Amino acid sequence: MAGLLTKLAMAALAIAVASGAANAASRFMQVGAVTSQPIGHYEFCQSHRGECAVKTSSTVAPKVTDYGWKVIREVNAEINASIEPVTDIELYGRDEVWAYPDTAGDCEDFALLKRKVLMQKGFSAADLLMTVVRKPDGEGHAVLTLRTSNGDYVLDNLEAEVKLWSDTHYRFLKRQASFDTGRWVTIENSDEVLVGAVEQ
């Protein structure tokens, strides 16, 4: 009987460890190969070449201090409140225009402005990555991913809260490469995270 209890306890421990490892892994996007750059970002890079030519040799995500998180949340809230959401068709008469907004813009414009302001406040371009996702209804959307030692977080114009990427309802498709702001990489574990969220 004691042997059976010991085996059951060891099995429970193994399941807990595996679950903990899976939860820890789901805190980070697993990136894959270099992929196509969104046309809007390509055109943005033609007029903002310096921002799309930042290469970084070290891609270790930083630890964010309490003050850093305060700054991140403030920037996210301020830009979400100050920019009016308007489609590219309404603003420019065509789709896929990525630009810094003055008073109005669509999802990628919000993300670009947040990235710019956070870089001005000392965050690295390697840790502020434009990201393309698909919403539950299938519509495309863009957010800003913040890389940290505690996980990948999302700054979103549709959400007031800065959330861990795996706590959103999006399917993540691709993002800027942390090693080169002019390149994009696939996100490989988005479907796994969605399946995990459904099973919980």
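Analyst: What follows takes the contacts one group at a time, bearing in mind that this is a predicted model.

User: What makes the contact between arginine 147 and aspartate 127 a salt bridge?

Analyst: The closest N and O atoms of arginine 147 and aspartate 127 are 2.6 Å apart, and the criterion asks for a side-chain nitrogen of Lys or Arg within 4 Å of a carboxyl oxygen of Asp or Glu, so the pair qualifies. It is one of 9 salt bridges in the structure.

User: Why is this pair said to tie together parts of the chain?

Analyst: Arginine 147 lies in strand E5 (residues 140-148), whereas aspartate 127 belongs to the loop between helix H5 (107-120) and strand E4 (128-134), so the bridge joins parts that are 20 residues apart in sequence.

User: How do you know whether arginine 147 and aspartate 127 are buried or exposed?

Analyst: Buried means under 20% relative accessible area; arginine 147 has 8% and aspartate 127 has 9%, so both residues count as buried.

User: What kind of aromatic pair do tryptophan 98 and tryptophan 184 form, and why is it called that?

Analyst: A search of the whole structure finds 5 aromatic pairs. The ring centres of tryptophan 98 and tryptophan 184 are 6.2 Å apart, and centres within 6.5 Å make a pair; their planes meet at 70°, and because planes over 60 degrees apart count as edge-to-face, that is the label for this pair. Tryptophan 98, at 7% relative accessible area, is buried, as is tryptophan 184 at 0%.

User: What makes tryptophan 165 and phenylalanine 172 an aromatic pair, and of which kind?

Analyst: Tryptophan 165 and phenylalanine 172 lie 5.1 Å centre to centre with 90° between the planes, which set against the limits of 6.5 Å and 60 degrees means that they form an edge-to-face pair. Tryptophan 165 is buried at 1% relative accessible area, and phenylalanine 172 is buried at 2%. Trp165, Tyr170 and Phe172 form one aromatic cluster.

User: How do you know which term describes the packing of helix H3 against H5?

Analyst: Helix H3 (residues 66-82) and H5 pack at an angle of about 140°, with their axes 10 Å apart. Because only angles over 145 count as roughly antiparallel, and 65 to 115 as roughly perpendicular, H3 is oblique to H5. The crossing in which H3 passes H5 is right-handed.

User: Why is alanine 111 called buried?

Analyst: Alanine 111, which is found in helix H5, has 2% relative accessibility; because the limit for buried is under 20%, alanine 111 counts as buried.

Key:
Residues are numbered from 1 along each chain as its sequence is written. This is a predicted model: local features need pLDDT of at least 70, side-chain atom pairs count only at pLDDT 80 or more; totals for chains, interfaces and linings use all residues. Side-chain values use heavy atoms; hydrogens and water are left out. Helices (H or I, at least four residues) and strands (E, at least two) are DSSP runs, numbered from the N terminus. Buried means under 20% relative accessible area, exposed over 50%, partly exposed in between (1.4 Å probe, protein chains only). Rings of Phe, Tyr and Trp (its six-membered ring) pair if their centres lie within 6.5 Å; planes under 30 degrees apart count as stacked, over 60 as edge-to-face and the rest as tilted. Axes are lines fitted to C-alpha atoms, for helices over the stretch in contact, and angles run from 0 to 180 degrees between N-to-C directions. Angles under 35 degrees count as roughly parallel, over 145 as roughly antiparallel, 65 to 115 as roughly perpendicular and the rest as oblique. A crossing is left-handed if the near helix is turned anticlockwise from the far one by less than a right angle, and right-handed if clockwise.
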